[in-house]
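Subject: Structure handover

Hello,

Here is the structure for your work. My notes on one residue and two spaces follow.

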Amino acid sequence: IQTIVEGWTPGGDRIMLTAYTGRDVFDLTSLDDEDFPLRIDLDWGNDALGARWTRLRRGGGSFDVRANFSRYLTGLTFPDFADTRLSSRIKQGQFRADLDLRPSERVSVQVGTSAERQFYKNLFSSGGTEFGSQIGNGWLFGTYVQTRWSAPRAWLVELGLRADGYSPDPGDWVQEIAPRLAVKRFFGGRDVAVKVAVGRYTQFVHSLRDEELPIGLDFWVLAGARAPHTISDQLQVGVEGYHGIDWFWSLEGYVRSFDGVVTFNTADDPNDDFDDILSGDGLSYGVDLMVRKETGAVNGWLAVSYL
């Protein structure tokens with residue numbers, strides 16, 4: 001179920017209210033066939049509620065304020081095995097404000113700030129007894145500034161800086177600075193462009209899943225005493241262009257390093273509540289090729305990736 005209510009004030013401000021709820025259920029517990037190998041009950045769903053107020057600025061740009069709440073819940077039950085159940089839930093409430101400034105035709109500046117309250121709980125129970133539990137919450141504060149400069153048919157430059165402060169419970173205060181830069185140079189009257197982007201990105205929530213299980217859950221875990229936050233440094237280089245007015249093509253390569261990727265610890269100490277997750281480093285690289293026909297009676301796209 002999804003609902004959107006939109007309206008405008010006499011002064012031209014835009015107000016929007018949104019709501020969503022949805023559930024998916026895969027239930028085989030009512031089957032009475034004794035030859036059926038496994039009865040399970042798998043369910044998952046999302047709920048979201050948000051409000052947004054936007055005021056346009058004279059000369060271009062806007063001021064935008066948003067408040068929202070969302071949650072995700074999932075569970076997996078095996079009734080034939082002492083009602084064994086695995087469950088995971090995560091909730092988030094957020095307030096953010098963004099300001100878009102247009103000091104000139106070629107320059108735009110965006111600044112913003114946000115505050116988020118997060119909570120998660122994972123549970124493993126069987127026969128009415130809890131054998132494993134993960135629970136925690138945290139405050140995430142962020143602010144950013146970015147600017148964009150363009151020279152028609154020649155350059156497009158974007159420069160940004162983000163600062164995050166994270167206070168988990170349990171865990172210690174963490175702060176990170178993440179700079180970003182993207183440059184695009186046009187040639188041949190904007191028919192061909194070369195682009196380079198480099199930046200640092202941080203993440204304070206993890207999604208874990210045992211890929212060896214044919215049926216499993218996504219367990220959500222916040223960074224803190226149980227798991228570190230993730231820092232990713234990324235570099236992307238590419239070239240793109242148009243062939244006439246019909247065809248667009250793009251070739252892009254990337255490399256990304258990760259500090260703080262996590263997985264389940266299958267040899268954890270049952271007497272240690274914070275020994276159930278392992279962390280490490282990661283590296284990914286690849287090349288993406290896309291060809292797209294944008295006009296005409298027949299159009300579409302083809303993408304090929306090496307990862």
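**A buried aspartate**

D13 is buried, at a relative accessible area of 7% (buried is under 20%, exposed over 50%, partly exposed in between; 1.4 Å probe, protein chains only). This is a predicted model: local features need pLDDT of at least 70, side-chain atom pairs count only at pLDDT 80 or more, and totals for chains, interfaces and linings use all residues. Numbering runs from 1 along each chain as its sequence is written, and side-chain values use heavy atoms, without hydrogens and water.

D13 sits in the loop between β1 (2-8) and β2 (14-27); strands are DSSP E runs of at least two residues, numbered from the N terminus. Setting aside neighbours within four places in sequence, D13 contacts G7, W8, W53, T54 and R55 (heavy atoms within 4.5 Å).

**The cavity**

A search of the whole structure gives one cavity of 30 Å³ or more. A cavity is a set of points on a 1 Å grid over the protein atoms alone where a 1.4 Å probe fits but cannot get out; lining residues have an atom within 4 Å of a point. Grid points are joined across faces, edges and corners, and volume is the space filled by probe spheres set on the points.

The largest cavity holds about 70 Å³. Its lining has 14 residues, with Y120, P170, L222, A223 and G224 nearest the centre. β7 and β8 each supply at least two residues of that lining.

**The pocket**

The second largest pocket has a volume of about 370 Å³. A pocket is an open set with protein on both sides within 12 Å along at least five of seven lines. Its lining has 22 residues; Q146, E158, G160, R180 and Y201 lie nearest its centre.

Regards

How values were computed. Helices (H or I, at least four residues) and strands (E, at least two) are DSSP runs, numbered from the N terminus.
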